[in-house]
Amino acid sequence: MKHTKVKELLNSASTLPEVNAKGWVRTFRNNQFIALNDGSTINNIQCVVDFENTSDEILKRITTGAAVSVVGALVESKGAGQKYEIQVSSLEILGDSDPEKFPMQPKKHSLEFLRENAHLRVRTNAFGAIMRIRSVLSFAVHSYFQEKGFVYVNTPIITGSDAEGAGEMFKVTALPFDNTPRTEDGSVNYKEDFFGKETNLTVSGQLEGETFAMALGQIYTFGPTFRAENSNTSRHLAEFWMIEPEVAFNDLNDNMDLAEDFIQYVIKYVLEKCPEDLKFLEGRLLEEEKSKPQAERSEMALLEKLDFVLKNNFKRVSYTEAIDILRNCTPNKKKKFNYIINEWGADLQSEHERYLVEKHFKCPVILFDYPANIKAFYMRLNDDTEPGKETVRAMDILFPGIGEIVGGSQREERFDVLVEKMKALNINEEELSWYLDTRRFGSAVHSGFGLGFERLVLFVTGMSNIRDVIPFPRTPGSAEF
Ligand code: 4AD
Ligand code: MG
């Protein structure tokens, strides 16, 4: 007999004379009621064991975490909260789970403890829900771009370039650490390395993506990216997934429209497909926030917050306007910020971004036209820009509780201006000659952005630490599993 998923059993149109369910025991009460979960849904199916006709030896082995297979009739449940249950006629223990040793006992565990057990935390309600939502969200990403005719591009993971020019790269090498081949001046001789040159894990697929956009029109990437930045925060991972669309002939306004429409689409998608998981996480969040002082609690419950993002336009504000707001705001005047904003040109820290979104505008914000010298080399220099106060056509999308969720720009399409900029920043022209070919041959206005997938999952699930929305987080000092 083939087993049926718990989700299908719970949604069955009628009672059934005989079904088979397989899953893991969440709890076993009164020697009679198994709450069985198979991961297909947040809901467990209740399996009622005929304990009088089941040997003690078997009953003892029905423990939290054990894998079991039950056969029996699917009947209407007399208990509250579920439509159906299984009246068990035979039960097989597929895999025992020693209750003295199984770490995921049916009680509240700290998120820290669960992180240390990332291979087992997915057996809890919260992590089951998060990982199902993550999966649905990634499908929504593809669905959005595919419906719009974008081409999905797999950009390389091992690269020879630093797309962001920030130097936060993990080296990839096959050279030995002892007896490393050296050049005459004593530096490492990468000519003898696997690729015959220095290589690293990609920080972004943008530069390769641009070359494809300049042929296929609209493309997107969705893959892992790596940053060796020593940011031990609840928003940074050393390995994270990024979605990078790039569109020929789009200017910065088109880029903002695309980003806003895309984010609203994926949130709507997950609201439709994952109502039960979201409801569960909303409850979890309310519970968690009960222990916080009123001022620190979210103003909206999770579903209300997601709905708010769907129904309201993101507020578009220039960097210059934002600086004026920040310079004159109370926490800046009272020196409550760690970094005081004194003048135009300052880089915004996450405390400033969060002030703008959470306290000032109280909605998602798109900041645009940043000072050129705090942004990457490839961004389009504004035409009307003042010498000494140059701005670029950059945009960052800031979200409540998250801060920056998207970073993007219109690209510098003018060959001479781009080369000039690279010279000023000491970026090797030879190395990026292939990238410059997009500007040498048939250059045109184009734009794109990068959305940090885990920051999106954070927002949608209402979790507060990015380590809890990726299966096996990589952070400074930690690469378990
Ligand atoms: O702003 P970033 O660095 O932009 C780029 O990489 C561009 N090449 C994107 C483009 O225009 N195609 O990164 C983009 C987004 C950020 O807004 C953030 O959401 C996420 O990637 N991100 C991280 N997420 C988790 N951990 C980190 N260490 C992250 N660094 C960036
Ligand atoms: Mg950024």
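Helices (H or I, at least four residues) and strands (E, at least two) are DSSP runs, numbered from the N terminus. Everything on this tour belongs to a predicted model, in which local features need pLDDT of at least 70 and side-chain atom pairs count only at pLDDT 80 or more, while totals for chains, interfaces and linings use all residues. Residues are numbered from 1 along each chain as its sequence is written, chains are lettered from A and ligands numbered from 1 in the order in which they are written, and side-chain values use heavy atoms, with hydrogens and water left out.

Start by selecting strand S15 (403-410), which gives the largest share of the lining of the largest pocket, 6 residues. A pocket is an open set of points on a 1 Å grid over the protein atoms alone, where a 1.4 Å probe fits and where protein lies on both sides within 12 Å along at least five of seven lines; its lining residues have an atom within 4 Å of a point. This pocket holds about 1,400 Å³ of space, a volume being the space filled by probe spheres set on the points, which are joined across faces, edges and corners.

Next, select Arg-227, His-236, Asp-396, Glu-404 and Arg-455, which lie nearest the centre of the largest pocket among its 46 lining residues.

Now show ligand 1, which takes up the space of the largest pocket, in the sense that more than half of its atoms lie within 2 Å of the pocket's grid points. Around ligand 1 are 24 residues, the closest being Glu-164, Gln-206, Arg-227, Glu-244 and Glu-404, where a residue counts if one of its heavy atoms lies within 4 Å. S15 also gives the most to this shell, with 5 residues.

For polar contacts, which are pairs of N or O atoms within 3.5 Å, display the side chain of Glu-164, where an N or O atom is 2.6 Å from a nitrogen atom of ligand 1. A polar side-chain atom of Glu-229 lies 2.8 Å from a nitrogen atom of the ligand, and the side chain of Arg-411 places an N or O atom 3.0 Å from an oxygen atom of ligand 1.

Finally, move to the second largest pocket, with a volume of about 970 Å³, and select Ser-298, Arg-354, Glu-358, Pro-400 and Gly-401, the closest to its centre of the 31 residues that line it. Helix H12 (350-361) gives the most to this second lining, with 7 residues.

How values were computed: A polar contact is a pair of N or O atoms within 3.5 Å; within protein, one must be able to donate a hydrogen and the other to accept it, and residues adjacent in sequence count only if both atoms are side-chain atoms.
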